[in-house]
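Dear colleague,

I am handing over the structure below, followed by an account of what was found in it. Please keep the model open while you read, as the notes go from the overall picture to individual residues.

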Amino acid sequence: CSARGDSLVSGIGLGNGNEQLDSPQDVDASRVNFVAVADYCNERIQVYSKELLWQFSFYVRTTDAAKEKKFGYPRAVAMNAAGLCYLADGENKRAIKLQSKSNSFSLLVAGGSSAAALWDPVSLVVDETDEVAVLNSDGLVTRIGALGDIKRNYRPSPKTVKLSKIGDDLIYIFKEGSDIIRADFSTLAPQSIIHIFGREGDIRDVTSSGSHLYILTQKHIYQCTIA
């Protein structure tokens with residue numbers, strides 16, 4: 001969209017073609033070259049250029065003959081600068097990472113009992129060092145190192161429904177609220193509260209560009225200046 005909210009480029013609409021989606025759950029446009037979409041009902045991750053031209057997909061299976069599904073019904077997606085894809089696997093209730101060239105996958109957490117910390121992931125974000133913050137459906141947020149080791153857990157609120165990022169900071173988005181919590185990505189600890197005045201509908205997502213904050217609600221997109 002333009003700065004005034006006008007639609008400049010859009011997808012075709014409902015379907016299973018490369019330019020079509022079915023109940024998309026999440027989008028990540030934080031990288032220079034990619035826009036990644038969690039295409040929920042088509043059980044795939046669609047990757048587009050910034051002009052929304054289809055580039056490649058992460059499919060549920062490596063081949064049609066493969067018996068094992070890598071993931072199903074993706075809830076959330078994030079990509080790093082090298083094209084490594086992180087996603088919340090809605091069917092198997094786990095967080096995984098996918099390689100674009102081989103289309104192979106591995107669990108986000110290195111293994112062992114620590115993997116139990118991610119029992120039902122619903123949202124995730126990745127930072128510039130490939131550390132990942134993952135939100136469980138019960139509100140627990142877990143920070144995971146680039147090697148799959150769990151660094152820290154924090155529970156900001158059981159009503160936390162989504163994670164986002166503003167620069168180096170982590171954003172907690174709450175259900176049925178007009179506040180968003182700005183937190184330190186390393187410690188997961190809250191730093192400040194941003195209160196949204198005069199809006200209609202619950203906050204659905206938050207992102208930023210330069211000195212501007214963009215807030216998606218049920219009915220509108222708001223542009224604010226970051227203090």
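The secondary structure of the protein comes to 0 helices and 21 strands, where helices (H or I, at least four residues) and strands (E, at least two) are DSSP runs numbered from the N terminus. This is a predicted model, in which local features need pLDDT of at least 70 and side-chain atom pairs count only at pLDDT 80 or more, while totals for chains, interfaces and linings use all residues. Residues are numbered from 1 along each chain as its sequence is written, and side-chain values use heavy atoms, with hydrogens and water left out.

Of the 227 residues of the protein, 41% count as buried; buried means under 20% relative accessible area, exposed over 50%, and partly exposed in between, with a 1.4 Å probe and protein chains only. Among the contacts (heavy atoms within 4.5 Å) with a separation of 6 or more, 36% come from residues 24 or more positions apart.

Sheets and hairpins

Strands of a sheet pair through backbone hydrogen bonds, either parallel or antiparallel.

Elsewhere, strand S5 (residues 44-48) and strand S6 (residues 54-59) run antiparallel and are joined by 5 bridges, with tyrosine 59 in S6 as the bridge partner of arginine 44. The hairpin of S5 and S6 has 5 residues between the strands, and leucine 52 takes a positive phi near 65 degrees there.

Salt bridges

A search of the whole structure finds 11 salt bridges, each being a side-chain nitrogen of Lys or Arg within 4 Å of a carboxyl oxygen of Asp or Glu. Arginine 44 forms one of them with aspartate 39, the closest N and O atoms being 2.7 Å apart; aspartate 39 counts as buried at 0% relative accessibility, and arginine 44 counts as buried at 5%.

Arginine 143 and glutamate 131 form another salt bridge, with the closest N and O atoms 2.5 Å apart. Arginine 143 lies in strand S13 and glutamate 131 in the loop between S11 and S12, so the pair ties together parts that are 12 residues apart in sequence, and both arginine 143 and glutamate 131 are buried.

Between aspartate 169 and arginine 182 there is a further salt bridge, its closest N and O atoms being 2.9 Å apart. This pair links distant parts of the chain, with aspartate 169 in strand S16 and arginine 182 in strand S17 (residues 179-184), 13 residues apart; both aspartate 169 and arginine 182 are buried.

Aromatic pairs

The whole structure holds 4 aromatic pairs, defined as rings of Phe, Tyr and Trp (its six-membered ring) with centres within 6.5 Å, where planes under 30 degrees apart count as stacked, over 60 as edge-to-face and the rest as tilted. The rings of phenylalanine 56 and phenylalanine 58 have centres 5.6 Å apart and planes at 80 degrees, so this pair is edge-to-face. Phenylalanine 56 counts as partly exposed at 22% relative accessibility, whereas phenylalanine 58 is buried at 0%.

Tyrosine 154 and tyrosine 172 form a stacked aromatic pair, 6.4 Å centre to centre with 20 degrees between the planes. The pair links distant parts of the chain, tyrosine 154 lying in strand S14 (residues 150-154) and tyrosine 172 in strand S16 (residues 169-174), 18 residues apart. Tyrosine 154 is partly exposed at 29% relative accessibility, while tyrosine 172 is buried at 0%. Phe34, Phe56 and Phe58 form one aromatic cluster.

Cysteines

The structure holds 0 disulfides, a disulfide being a pair of cysteine sulfur atoms within 2.5 Å. Cysteine 41 is partly exposed, with a relative accessible area of 37%, and cysteine 85 is buried at 0%.

Definitions and conventions. Pairing = 2+ DSSP bridges.
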